[in-house]
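Please look through the notes below with the structure open beside you. They start with a group of rings and move on to helices and strands.

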Amino acid sequence: MLIGTSAGAELVAALGSGRTPADILAALDAVSPSSARANSTDAAHISVPPHVATAEAARSEPPARARTARASADAARSEAAAPSRAAQASAAARSEPTTDQRAVDPVLAKHLAIDPGRFPPIPALGWPALGLVGAGIKAGSTYQALAGLLPRGRGDATWLREFGEALAPNGWVDHPATWLVAADAATGARVAFGAEGAPKVDLGTAIAASWGIPGWFPPVSAHGRDYVDGGSVSTASVDLLIPLELDEVIVIAPMASEGGAPARGMDRVERLLRAQMTRVLDREIAALRAAGTRVIRIEPGPTELATMGPNFMDVKRRAATLSAARAALPDLVAHAISRTEGVIG
């Protein structure tokens, strides 16, 4: 099971097409040479873009809950204890070929070389997502309500549509459960493109809709409805997985920080949004755990956040952020697993 929003939609689309985390990291290194030179960590053990949650069914669970689900974070497998997993990740990292030795996927490299810009173009007149305002007030989500007040974005999503077309020339990926989440601009209701009962669209349209950040990109129209970024409602949408009765869900949420995160200067502004997204994710994870699903939650720590900076669209920070993530990941994963086992125990 793969589910993602915004940049997370790009990630799960790539995974659903058969690309691996190692392929993605190799492509990132290819377009961020300083990161490739500074690190030799296994690409398969790092995968932390915004708005993404993935799931893997535990093999040992009873058949009633043994729905098939796939994780994008190999380092968080459920078969071993946390310390041994971190040790295995480190050993694998030392034995893996470097980026120079791996073939780089041309589709990924071409897409990741595109810089959409640090800031949006001047918006147009109009408020196309006013439906988020009422929905946000009803849900008690300040950031959702404020997102509905943003004007019509004028960003060009062609690069996102082309990425989807390149990944899935036949319209959709082969993976049987790949969901890309957007939100209905008129109602605020989330739609998981790729799920049963969702409107049928091609992959490029789904990625562009999921990336439709209010104020930055215009809504994406499909079947008479307008859709915007699903991250305007939920950073990971893990509550949409509750009906699936999955055994285990791995949540990778770089836009959330359980318990808060320290900040200085302009980072304090980013933390206001992060705090809102974290509260929504806290509620969703609590509901998922209450339904009997084991949840492993992986989020960036203070060092990675300081490296990333307040603007997650700043491509100039990409190489440094990759390096910080590589250095922190083994401990992050081990801590996330140990905390999960504490919750279950």
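1. This is a predicted model. In it, ring pairs join W159, W211, W216 and F217 into a cluster. Across the whole structure, a search finds 4 aromatic pairs.

2. One of these pairs is W159 with W211, in an edge-to-face arrangement: the centres are 5.5 Å apart and the planes lie at 70°. The pair links distant parts of the chain, since W159 is in helix α8 and W211 is in the loop between α9 and β5, 52 residues apart. Buried means under 20% relative accessible area. W159 has 12%, so it is buried, and W211, at 5%, counts as buried too.

3. F193 and Y227 form another edge-to-face pair, with 5.2 Å from centre to centre and 75° between the planes. F193 belongs to strand β4 and Y227 to strand β6, so this pair ties together parts that are 34 residues apart in sequence. F193 counts as buried at 1% relative accessibility, and Y227 does at 3%.

4. How do the axes of helices α8 and α9 cross? They come within 7 Å and cross at roughly 145°, and the crossing is right-handed. Helix α8 (residues 158–167) contributes L160, R161, F163, G164 and L167 to the contact, while α9 contributes L203, G204, T205, I207 and A208. By class, the contact has 6 nonpolar, 3 polar and 1 charged residues.

5. Why is helix α2 described as largely enclosed by the rest of the structure? Because 8 of its 11 residues are buried. These are P21, A22, I24, L25, A26, A27, L28 and D29.

Methods:
Residues are numbered from 1 along each chain as its sequence is written. This is a predicted model: local features need pLDDT of at least 70, side-chain atom pairs count only at pLDDT 80 or more; totals for chains, interfaces and linings use all residues. Side-chain values use heavy atoms; hydrogens and water are left out. Buried means under 20% relative accessible area, exposed over 50%, partly exposed in between (1.4 Å probe, protein chains only). Helices (H or I, at least four residues) and strands (E, at least two) are DSSP runs, numbered from the N terminus. Axes are lines fitted to C-alpha atoms, for helices over the stretch in contact, and angles run from 0 to 180 degrees between N-to-C directions. A crossing is left-handed if the near helix is turned anticlockwise from the far one by less than a right angle, and right-handed if clockwise. Contact means heavy atoms within 4.5 Å. Ala, Val, Leu, Ile, Met, Phe, Trp, Tyr, Cys and Pro count as nonpolar, Asp, Glu, Lys and Arg as charged, and the others, Gly among them, as polar. Rings of Phe, Tyr and Trp (its six-membered ring) pair if their centres lie within 6.5 Å; planes under 30 degrees apart count as stacked, over 60 as edge-to-face and the rest as tilted.
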